[in-house]
Amino acid sequence: MPRSRRFPLPVIATAALLLPLAACSSSSGSGASGDDQRLRVVMAFPPAQAMSPYGDDAVTLSRLAVIEGLTTLDGNGAAEPALAASWKQDNPTTWTFTLRDAVFQDGAKVDADAVVRSLTAAGKASPLPRVLSDTPLTATATGSGTVRIVTKAEDPLLPQRLANPSLTILSAGAYKDGKVNPAGHATGPFTLAGVKGAVSATLERNADYWGDQAKAPGVDVTFAADGTARANALRTKAVDVAEYVPIAQASLLGDSYVHEFPSARTNGLSLNTEHGVFADPAMRAAAREAIDSEALVAGVYEGRADTAKGLLGPGIPWAAGKRTAPTGRTPAASRDEVSRTQEIVLATYTNRPELPEVATLVQQQLEKRGFTVRQVVRDYAQMEADALAGKYDGFIQARNTLLDTADPVSYLASDFTCDGSFNISQLCDKSVDAAVDKAASLRATDARHGAEMTAEAAVLGADALVPLVHERFVQGYDDARVEGVALDPMERTLITADTRIG
């Protein structure tokens, strides 16, 4: 729900947050480990699927270092060993993964049967995890410590795909009565010991972790969707770490609590290329020329964002060096031509507090160019179907451009190709499809990245999306007290084995 971005939450709201925190800490039964060394963390997104790994809760489990997959990702999005010590590609559609010596949190051994069970269950889940929506896979045990994975079509990104939190590996005990419960059945440095609905969770150190043991004895987690409440909890020292501090609260907290870093999110204005005013590429070009990214950064984000350079921002370090100029752009319509068009509907959602303010400023910029604009602002859940159906002329959204495989090719395919599953701009351009298909077919990382920037140039040339700003994330913690918090542009890690009270 929208809230004022200029005033802190009243004390009663902060007190309401402290109650579940106190309950979580007092019920953890961890006094022998030293309560003063336990981490207290407030997360932004309460569990929505009872901590199932097949939805957004999987990201929460990953950010809390509870679950692991066969692989993990380095800072550039390349696959590194996790539960798989190594792998090799046998042919274009077949890979063999060799497992490391590890045990689950319930003591069961991590073996090939467990991997096959987990990957097969993910492939049969309903709804199907997004990461498998375009790439079905089949896993079979070829020995107690080796697994063969076959994809329906060639998938050069399979090692990165297997790092997705929805493809976590769990013990047999996690699968009962048609449900999946990761509590005590995962492999991460912290064990999920208990969950109290959408209020709180308790984590304990996994003494049998295959890697370096967690430095903190446990983590007491509270969930608070209200960003001001999270900031106030940090300010009053009710928590040690606050996830996703709102921009408006960052300056109130002070530099020692604010840790800002580039993200993989680009906030953009999707223009409906199929129906209405923006079916005319000259009108899309006029809208693009109307946008002042620097004004958005200064006026809405208080300088805590980066001006738009393209689809991919500073959170993807290699992108800037490979960027090429947009191709095939149509000259913009004149102001007089724009002023004769019908009213356009500009939509965005309330779930990210800055977006309604962005929409207001974008409306002003478009109107200055001659457009007549009407805003629609609602909760995202009420808008997604209409946005995907092309019922808005323009739609402002914050989009994670690394998506499921930590590589932009998934984002480019889903958002800008004719058959894309998230094509809000309704773009269907043969040159864009060809560019994305070429990128998806390349095995070599450097060559694929170059092809992805060629695809970016084609999308920008069509003016299907006008980049507005590149978001920065703000994680809150006292750097004089807390060490080892992960600042991850891909949003998969936050608390790690190294996170501790200093």
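**Close-up A. Helix α7 meets helix α11.** A286, A287, E289 and A290 of α7 touch Q365, L366 and R369 of α11; contact means heavy atoms within 4.5 Å. This is a predicted model: local features need pLDDT of at least 70, side-chain atom pairs count only at pLDDT 80 or more, and totals for chains, interfaces and linings use all residues. Residues are numbered from 1 along each chain as its sequence is written, and side-chain values use heavy atoms, with hydrogens and water left out. The contact residues of α7 with α11 divide into four nonpolar, one polar and two charged. Here Ala, Val, Leu, Ile, Met, Phe, Trp, Tyr, Cys and Pro count as nonpolar, Asp, Glu, Lys and Arg as charged, and the others, Gly among them, as polar. Helix α7 spans residues 281-290 and helix α11 residues 355-369. Helices (H or I, at least four residues) and strands (E, at least two) are DSSP runs, numbered from the N terminus. The axes of α7 and α11 lie 9 Å apart, at an angle of about 120 degrees. Axes are lines fitted to C-alpha atoms, for helices over the stretch in contact, and angles run from 0 to 180 degrees between N-to-C directions. The two helices, α7 and α11, are therefore oblique to each other. Angles under 35 degrees count as roughly parallel, over 145 as roughly antiparallel, 65 to 115 as roughly perpendicular and the rest as oblique. The crossing of α7 past α11 is right-handed. A crossing is left-handed if the near helix is turned anticlockwise from the far one by less than a right angle, and right-handed if clockwise.

**Close-up B. Helix α14 packs against helix α15.** The axes of α14 (residues 430-441) and α15 (residues 445-462) come within 8 Å and cross at roughly 165 degrees. That makes α14 roughly antiparallel to α15. The crossing of α14 past α15 is left-handed. From α14, V432, A435, V436 and A439 make the contact; from α15, R448, A451, E452, A455, A458 and V459. These contact residues divide into eight nonpolar, no polar and two charged.

**Close-up C. A disulfide links C418 and C428.** The structure holds one disulfide, a pair of cysteine sulfur atoms within 2.5 Å. The sulfur atoms of C418 and C428 are 2.0 Å apart. The link is right-handed, with 100 degrees about the S-S bond. Both C418 and C428 lie in the loop between α13 (408-416) and α14, so the pair ties together parts that are ten residues apart in sequence.

**Close-up D. Four strands form an open sheet.** The strand order is β4-β5-β7-β6, and the pairing is antiparallel. Two strands pair if DSSP finds at least two bridges between them. The edge strands, β4 (84-91) and β6 (137-143), each pair on one side only. The twist averages 25 degrees from one strand to the next. Helix α3 (residues 112-124) lies across β5, β6 and β7 (146-151), and runs at about 170 degrees to β6.

**Close-up E. Strands β4 and β5 form a hairpin.** Two residues lie between β4 and β5. Six bridges join β4 to β5 (residues 94-99), and the strands run antiparallel. K88 has T96 of β5 as its bridge partner. A84 has L99 of β5 as its bridge partner.

**Close-up F. A hairpin joins β6 to β7.** The link between β6 and β7 runs through two residues. Strands β6 and β7 pair in the antiparallel sense over six bridges. The bridge partner of G143 is T146 in β7.
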